[in-house]
Amino acid sequence: MNQPDVVIRPAQASDEPAVMDFVEKTGFFRIGELAVAREVFCEAVSGKPECTYQSYVAVFQNKAIGWVCFGSTPCTVGTFDMYWIVVDPVFQRKGIGKLLSRFAEEEIKKQNSRLVVVETSGTSRYESTRIFYEKNGYLLAAEVPDFYAPGDSKCIYLKPLV
């Protein structure tokens, strides 16, 4: 697989089964988090004008293999949250996450933004996730102990868009 063979396009309702399948297959998310992922995905592709989620998929050979979802942060000026970035485990470590992240950042820049915020877990299971963000220019700004659960802190990463 070459990255030029991967296309990023707006997510569609028909992508939901593939996206939810690989979100679950990562093994990173609890049942409640899987439900939120589905809710956010469905809201983003609903086409409702009041929806602020923006959802895109990375597609290889007509199949969704990655997903990124972001949106403007309420009550801020030029700040966006990157809510979800997930790659099918079969395609991880092939640059798809980086491709999705950079794509999202470019889309966010087009919307007169200045800052991207990402939140993730501080557990050892998420070490590769934190390393991914750090390698892609995100800076750890804060850690909230026991946020998600006892022993599971929330790590907040920032990336100024210049």
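Q: What makes a contact a salt bridge here, and how many are there?
A: A salt bridge is a side-chain nitrogen of Lys or Arg within 4 Å of a carboxyl oxygen of Asp or Glu. By this rule the count comes to 10 salt bridges. A word on the source: this is a predicted model, where local features need pLDDT of at least 70 and side-chain atom pairs count only at pLDDT 80 or more, while totals for chains, interfaces and linings use all residues. Residues are numbered from 1 along each chain as its sequence is written, and side-chain values use heavy atoms, with hydrogens and water left out.

Q: Why is the contact of Glu33 and Arg30 called a salt bridge?
A: Their side chains meet at 3.8 Å, N to O, and the limit is 4 Å, so the pair qualifies.

Q: Why is Arg30 called partly exposed, and what about Glu33?
A: Buried means under 20% relative accessible area, exposed over 50%, and partly exposed in between (1.4 Å probe, protein chains only). Arg30 has 42%, so it is partly exposed. Glu33, at 22%, also counts as partly exposed.

Q: How do you know that Asp152 is buried?
A: The relative accessible area of Asp152 is 9%, so it falls under the 20% cut-off.

Q: What makes Asp152 and Arg30 a salt bridge, and which parts does the pair tie together?
A: The closest N and O atoms of Asp152 and Arg30 are 3.7 Å apart, which is within the 4 Å limit. Asp152 lies in strand S7 (residues 152-160) and Arg30 in the loop between helix H1 (16-25) and helix H2 (31-45), so the pair ties together parts that are 122 residues apart in sequence. Helices (H or I, at least four residues) and strands (E, at least two) are DSSP runs, numbered from the N terminus.

Q: What makes Glu105 and Lys159 a salt bridge, and are they buried or exposed?
A: The side chains of Glu105 and Lys159 meet at 3.0 Å, N to O, in a salt bridge. Glu105 lies in helix H3 (residues 96-109) and Lys159 in strand S7, so this pair ties together parts that are 54 residues apart in sequence. Both Glu105 and Lys159 are buried.

Q: Why are strands S1 and S6 said to stand at the edges?
A: Two strands pair if DSSP finds at least two bridges between them. The open sheet of seven strands has the order S1-S2-S3-S4-S5-S7-S6, with mixed pairing. Strand S1 (7-10) and strand S6 (139-149) each have a single partner strand, so one side of each is left without a neighbour in the sheet.
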